[in-house]
Structures are given as structure tokens and as C-alpha cells.
Amino acid sequence: MTAGRSLVTRVVIVGNGPAGLAAYRALLRAAGRAVRSGDVHLTVISETPDVHAPDLHADVLAGHLPAESARTPLRTLLPRATVLVGRVMQADLTMQRLQVSRADHDPCWLGFDHLILGDDRPDAPTAALADRLSDHPPVRVTVLGGDVAGAELALAVREWQRERDLGGGVTLRCGGELLSAQPGLSVPVRAALGAAGVTIHELARGTGSDGRDDHDLTVVTDAAPHVLPGTETLPRTPGGSC
């Protein structure tokens, strides 16, 4: 046995986004018995202690639910994993370890035998958006993000405006094609957006389609993938996962 190597197989998942959650489920399906027996130890590192449910944007925006209702604690979703709330600062692939910074601890190194780099899902500022819309109606809102969360939030904002018989409007701007990662959803979601009166700009950059600032409020629902220092040479999916 290599000196210092654990008898337990250590699997570390970085990120609370769809890729990380899918990896957790896949590991349980493939090695559930080993996880339950302790032969395989799962650790999930997330910058937040919970995961945001984008399908609750509309209820939060309408004031039917508090913002906290759209969040589920990761420890509830991932009962077989150790959840560490912190930020991975860098990876040492040769030594098979990660440097993790946590609010209540000094930075430390965490060893692994297998590493899965997912993505952290940022919270869309739904509660703050509801306050902004209430304080300054009508408002022209631009939602930046061509994923499911962006489309759902655009629909929720437009419905909020229509229920109150407000002017304004909603534009959904996508850096690529709408729902490019989930092509099966593109047609029905595009139809729903069109029926609601949401303007869609695909393959778009910046604010207005002609470069002008033609909106009152911008909401960002996705972000550029973060490349963890030390992992630059690893192959990645279009979403930034490894």
C-alpha cells in the first residue's frame, strides 16, 4: 500500500449544480453498497449550503412564497455525502488534493482518489427583483441566460407584469442558442416565451441588439464556467464540467 493512502476510496465532487448532483446519483446507483458500507466516501464541496430550485422563481416573484422556499439544503438532497461549504482555491492533480477555503476554517488540503468537477449554480436574485419591479413599474427587464433558469425567470417576470397590467417588457438574451444543452425542451419553451410576449435574442452579447442600453434592469441567471486553477489541461463539456 502506498504510504499515506487511505483504505477508503475518496470521491470528491466540486459544485452544487446539475452536473454535481447527477454525479452523486450516478455514484449511488453504481456503488451504493460500497458507499453505505464506508468503503467509498463521498464529499461534495459547494460555495453555498443549499441548491436553488429555478422552477420556484414565479412563486417567489409573485410573493406567494418567501425566497427561502426556493432553496433546498444540500445535506437533505445528499444524505450519503459529506457536504463542505467552501470554495476550492486550487487543485494539485499530481498529489491528488484540493485546497479548500471555508469561512470558519483556515484553508486546508483535502485529498481525493477520484475528482469530479461540476458547477456551482448561482442564485437568481428573485426576491430583490420583485422589490425592484414593485418600486419602479413599469420596467423593461433583460434576462441574460439561455438555460432553463433564464427562460423560466423571463416567463415569471412577464407574467408578473401582465397580472398587474403593467407596461414594460422582457427580453431574454442568450450567448448561444436557447437551451442548447437541452435541445428537446427548446421548441415548447420557445413557444411559451413567444406566447407570453418575451422577446428572444440568440447569439447575442451585451445589452441591446444594436449595442444600445435599451433596458431598465438586467438580471444574470448564468455565468461563464469557472476554471479551477490546476485543472486547465483537463477536457471539459461545453458547460464547463469535467
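Modeller: Two residues are taken to be in contact when heavy atoms of each lie within 4.5 Å. On that basis, among contacts in the chain between residues at least 6 apart in sequence, 70% join residues at least 24 apart. The model is a predicted one, and everything below should be read accordingly. The chain contains six helices and 13 strands. Of its 242 residues, 37% count as buried. The accessible surface of the chain amounts to about 13,100 Å², and carbon and sulfur atoms account for 53% of that area.

I turn now to the sheet itself. In general, the strands of a sheet pair through backbone hydrogen bonds, in either a parallel or an antiparallel manner. Here, four strands make up an open sheet with parallel pairing, in the order β5-β2-β1-β9. Its edges are β5 (81-85) and β9 (114-117), each of which pairs on one side only. From one strand to the next, the twist averages 20 degrees.

Within this sheet, β1 (residues 9-14) and β2 (residues 40-46) run parallel and are joined by six bridges. The side chain of Ser46 forms a polar contact of 3.3 Å with the side chain of Asn16.

Helix α1 (residues 18-37) lies across β1, β2, β5 and β9. The helix runs at about 165 degrees to β2; as angles are taken between N-to-C directions on a scale from 0 to 180 degrees, that value can be read directly against the scale.

In soluble globular proteins, nonpolar side chains tend to be buried together. The largest nonpolar core of this model has 18 residues, of which Val141, Ala154, Leu172, Leu178, Leu193 and Val198 touch the most other members. Two or more residues of this core come from each of β10 (140-144), α5 (148-163), β11 (169-173), α6 (183-196) and β13 (217-220). Helix α5 supplies the largest share, with four residues. Ala154 is in contact with Val143, Val170, Leu172, Leu193 and Val198, leaving aside its neighbours within four places in sequence. A second, separate core has 14 residues, including Ala23, Leu42, Val44 and Leu78.

Strands β6 and β7 run antiparallel and are joined by five bridges. Ala91 has Leu98 in β7 as its bridge partner. The two strands form a hairpin with four residues between them. Gln96 is located in this loop, between β6 (87-92) and β7 (97-102). Its phi is near 55 degrees, a positive value in a residue other than glycine. Gln96 is counted as partly exposed because its relative accessibility is 28%, and that class lies between the limits of 20% and 50%.

Key
Residues numbered from 1 in each chain as written. Predicted model: local features only at pLDDT ≥ 70, side-chain atom pairs only at ≥ 80, totals over all residues. Heavy atoms only, no water. Buried < 20%, exposed > 50% of the residue type's maximum accessible area, 1.4 Å probe, protein only. Pairing = 2+ DSSP bridges. Core = buried A, V, L, I, M, F, W, Y, C linked by side-chain atoms within 4.5 Å. Areas by Shrake-Rupley, 256 points an atom, 1.4 Å probe, with all protein chains shown as cover. Polar contact = N/O pair within 3.5 Å; in protein donor to acceptor, adjacent residues only side chain to side chain.
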